[in-house]
Amino acid sequence: MLAGGTEFPCRVQKISLQAVEIVAGARVEVGQVVVCSLDYIGILPGRISSLTSQGFILDLKIPEDRRGRVATRLEWHAKRCLQHAELRGAPRIVPQHRAVEVRLGENIVLPGTIHNISLSGAAIDLSTDALPFVGTRVRVGARYATVVRLIPRGIAVQFMEPFAANAFASHVRP
């Protein structure tokens, strides 16, 4: 949120207790005061120190009595991100045949493009804003799967039955 009360969506690229790199489409100027409300971290006030090609750098002005709590939250979030990265242990490939149908029941068909695929799941770009909820059972091609998270422009699914390792190569089709 800018000092005048204008709010806009943004994404954190990098963060520390001193500064945060923000990706945003808002028009801002160096020196402007900004207050960020970041999920899992809290409300962080600051002043724009420089502009980047995709947004800006915000020098944070965290009150001394809150610095310890914010540092703890940043540490917790960093560990959480590492744990999520470790869950994606299976190697990923981009298959030759990327077009796929994602079916919800028998009547709803969402055309999609496989972003990448592993033995146990896939990331799929969908050309719709109405994405299935996390936990929804879907059919991806001929494989049944569960939506495990939403990704930009699509979904990530975990297959009910993983591919056999010896059948997994770039020519694979779900």
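**View 1. Strands β9 and β10 pair in the antiparallel sense.** Strand β9 covers residues 137-140, and strand β10 covers residues 143-151. Four bridges join the two strands. Within this view, R139 stands opposite Y144 of β10. The model is predicted. Among the elements of the chain, β9 has the highest mean pLDDT, at 95.

**View 2. Six strands close into a barrel.** The order is β6-β7-β8-β11-β10-β9, with antiparallel pairing. Neighbouring strands of this sheet are turned by 45° against each other on average, direction ignored. Strands of a sheet pair through backbone hydrogen bonds, either parallel or antiparallel.

View 3. A disulfide needs the two sulfur atoms within 2.5 Å. For C36, the closest is in C10. The side chains' surroundings can be compared too. C10 is partly exposed, with a relative accessible area of 39%. C36 is buried, with a relative accessible area of 6%. The count for the structure comes to zero disulfides.

**View 4. Helix α1 has the lowest mean pLDDT among the elements of the chain.** This helix covers residues 64-87, and its mean pLDDT is 77. The mean pLDDT of the chain is 87. A pLDDT of 70 or more is reached by 91% of the residues.

Methods
Residues are numbered from 1 along each chain as its sequence is written. This is a predicted model: local features need pLDDT of at least 70, side-chain atom pairs count only at pLDDT 80 or more; totals for chains, interfaces and linings use all residues. Side-chain values use heavy atoms; hydrogens and water are left out. Two strands pair if DSSP finds at least two bridges between them. Axes are lines fitted to C-alpha atoms, for helices over the stretch in contact, and angles run from 0 to 180 degrees between N-to-C directions. pLDDT is the predictor's confidence in each residue, from 0 to 100. Buried means under 20% relative accessible area, exposed over 50%, partly exposed in between (1.4 Å probe, protein chains only).
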